[in-house]
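Please prepare a short report on the structure shown below.

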Amino acid sequence: MNTILLQTPDGGMLPQLLMFGAIILVFYFFMIRPQQKKMRDQKKFREELTKGMTVVTIGGMHGKLIAIDDDTITLEVDKGVRLTFDKSAVSMEATMKVQNVS
């Protein structure tokens, strides 16, 4: 009688593979895909930077774009004060907030 109660039906590996596949899909659609979209948007934003724009760096520095090179930008933060940053230091979210307020 004990051996009958301890036995479980053998469903095979198919349910386990389906569950594993479902977990992978959830990770892709809720974590990986949105991150890739955000990275594409940031790259597009950095490519569209133009002279004269007011931008904010990830460190919170506000300034006006004076020069744009391949990998760097030059910001004028005050009259005669120019600082050079990597393009990757420009914050898309903070810059959009500043431009929408103005």
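## Burial and overall make-up

Of the 102 residues of the chain, 18% count as buried (under 20% relative accessible area; exposed is over 50% and partly exposed in between, with a 1.4 Å probe and protein chains only). The model is predicted, so local features need pLDDT of at least 70 and side-chain atom pairs count only at pLDDT 80 or more, while totals for chains, interfaces and linings use all residues. Residues are numbered from 1 along each chain as its sequence is written, and side-chain values use heavy atoms, with hydrogens and water left out.

The chain has three helices and four strands, in the order α-α-β-β-β-β-α from the N terminus. Helices (H or I, at least four residues) and strands (E, at least two) are DSSP runs, numbered from the N terminus. Among contacts (heavy atoms within 4.5 Å) between residues at least 6 apart in sequence, 34% join residues at least 24 apart.

## Packing of H2 and H3

Helix H2 (residues 14–47) packs with helix H3 (residues 92–101) at an angle of about 60°, and their axes are 10 Å apart. Axes are lines fitted to C-alpha atoms, for helices over the stretch in contact, and angles run from 0 to 180 degrees between N-to-C directions. H2 and H3 are therefore oblique to each other; angles under 35 degrees count as roughly parallel, over 145 as roughly antiparallel, 65 to 115 as roughly perpendicular and the rest as oblique.

H2 contributes Lys38, Asp41, Gln42 and Phe45 to the contact, and H3 contributes Met92, Glu93, Thr95 and Met96. Beyond its neighbours within four places in sequence, Met92 is in contact with Asp41, Gln42 and Phe45.

The largest nonpolar core has nine residues: Phe45, Leu49, Met53, Val55, Leu65, Ile73, Leu75, Val90 and Met92. Such a core is a set of buried Ala, Val, Leu, Ile, Met, Phe, Trp, Tyr and Cys residues joined through side-chain atoms within 4.5 Å.

Thr57 lies in the loop between strand S1 (54–56) and strand S2 (62–68). Thr57 counts as buried because its relative accessibility is 4%. Not counting residues up to four places away in sequence, Thr57 touches Leu75, Phe85, Ala89, Val90 and Ser91.

## Aromatic pair

The whole structure holds one aromatic pair. Tyr28 and Phe29 form this pair, which is edge-to-face, with 5.1 Å centre to centre and 80° between the planes. Rings of Phe, Tyr and Trp (its six-membered ring) pair if their centres lie within 6.5 Å; planes under 30 degrees apart count as stacked, over 60 as edge-to-face and the rest as tilted.

Tyr28 lies in helix H2 and is partly exposed, at 35% relative accessible area. Phe29 also counts as partly exposed, at 44% relative accessibility.
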